[in-house]
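Please find below a colleague's note on the structure shown here.

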Amino acid sequence: MTFNDIFKSGFLENITSVSILDIVISLTLAFGLGMFIFFVYKKTYQGIMYSSSFGTTLIALTMITTVVILAVTSNVVLSLGMVGALSIVRFRTAIKEPLDIAFLFWSIAVGIVLAAGMIPLAVTGSVVIGVTLLVFVNRKSHLNPYIVVLSCADVEAEKNAEAFLKNQVQRCVVKSKTARKGLIELNLEIRMKDDNTDFVNVLSGMNGVNSAVLVSYNGEYMG
């Protein structure tokens with residue numbers, strides 16, 4: 001095939017299939033909404049170690065999806081080839097936080113909607129989703145579980161500390177107990193009545209109690 005044959009086949013006709021203005025507007029909006037998604041992700045992250053690369057991935061994923069869908073919507077034949085090409089892609093990076101999956105789908109959905117020309121839907125939907133995540137993910141409640149780590153010198157101190165703790169909190173359950181000579185360690189899951197944590201100070205000052213530690217707990221990790 002010569003260069004002239006390429007021209008005859010209409011190879012370069014696809015250059016004008018998507019206007020430069022559409023490309024600029026779509027990518028600019030994709031970048032802006034991607035930054036908004038990144039901002040919401042940063043504000044709602046509750047994992048152990050924050051990864052800035054994942055936040056950057058959300059921005060890039062929004063823009064990449066927009067480019068792909070723009071190409072697909074401009075050419076039906078290209079869309080079939082794109083499906084075949086993307087079907088062989090395999091991602092092996094483990095998603096550690098369940099909420100990260102929502103952010104990935106959010107970025108992809110925004111890219112698709114923007115490329116389809118539904119700009120009001122993309123903007124309004126992103127704002128509603130972002131506000132919802134900011135409100136519910138960052139909502140702090142005294143009913144969230146906490147772990148109290150107690151170190152007691154003897155059985156009597158253990159009983160006194162446990163009895164005092166049960167009177168101060170809404171719910172108290174022993175999760176584990178370790179006994180050594182002259183030392184008893186308890187891990188208790190509690191639900192507090194309010195946000196006041198002064199009872200830990202009183203607990204640590206009781207006779208026979210070596211230390212008392214209050215740790216937040218979400219069922220997967222403590223921090």
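1. The model is predicted, and the points below should be read accordingly. Its chain holds 223 residues, of which 30% are buried.

2. The secondary structure amounts to 8 helices and 4 strands. Read from the N terminus, the order of elements is α-α-α-α-α-α-β-α-β-β-α-β.

3. As to contacts within the chain, those between residues at least 6 apart in sequence were considered; 70% of them join residues at least 24 apart.

4. The chain exposes about 14200 Å². Carbon and sulfur atoms supply 64% of this area.

5. A nonpolar patch lies on the surface, formed by Leu21, Ile25, Ile119, Val123, Val127, Val131, Val135 and Phe136. Together these residues have about 680 Å² of accessible area.

6. Which helices each supply at least two residues of the nonpolar patch? They are α2, spanning 20-44, and α6, spanning 119-137. The most is given by α6, with 6 residues.

7. Leu21, one of the patch residues, is located in helix α2. Is Leu21 buried or exposed? Its relative accessibility is 57%, and because the cut-off for an exposed residue is over 50%, Leu21 counts as exposed.

Note on methods:
Residues numbered from 1 in each chain as written. Predicted model: local features only at pLDDT ≥ 70, side-chain atom pairs only at ≥ 80, totals over all residues. Heavy atoms only, no water. Patch = residues over 30% accessible without salt bridge, like charges linked within 9 Å, V, L, I, M, F, W, Y side chains within 5 Å. Areas by Shrake-Rupley, 256 points an atom, 1.4 Å probe, with all protein chains shown as cover. Salt bridge = Lys/Arg side-chain N within 4 Å of Asp/Glu carboxyl O. Buried < 20%, exposed > 50% of the residue type's maximum accessible area, 1.4 Å probe, protein only. Contact = heavy atoms within 4.5 Å.
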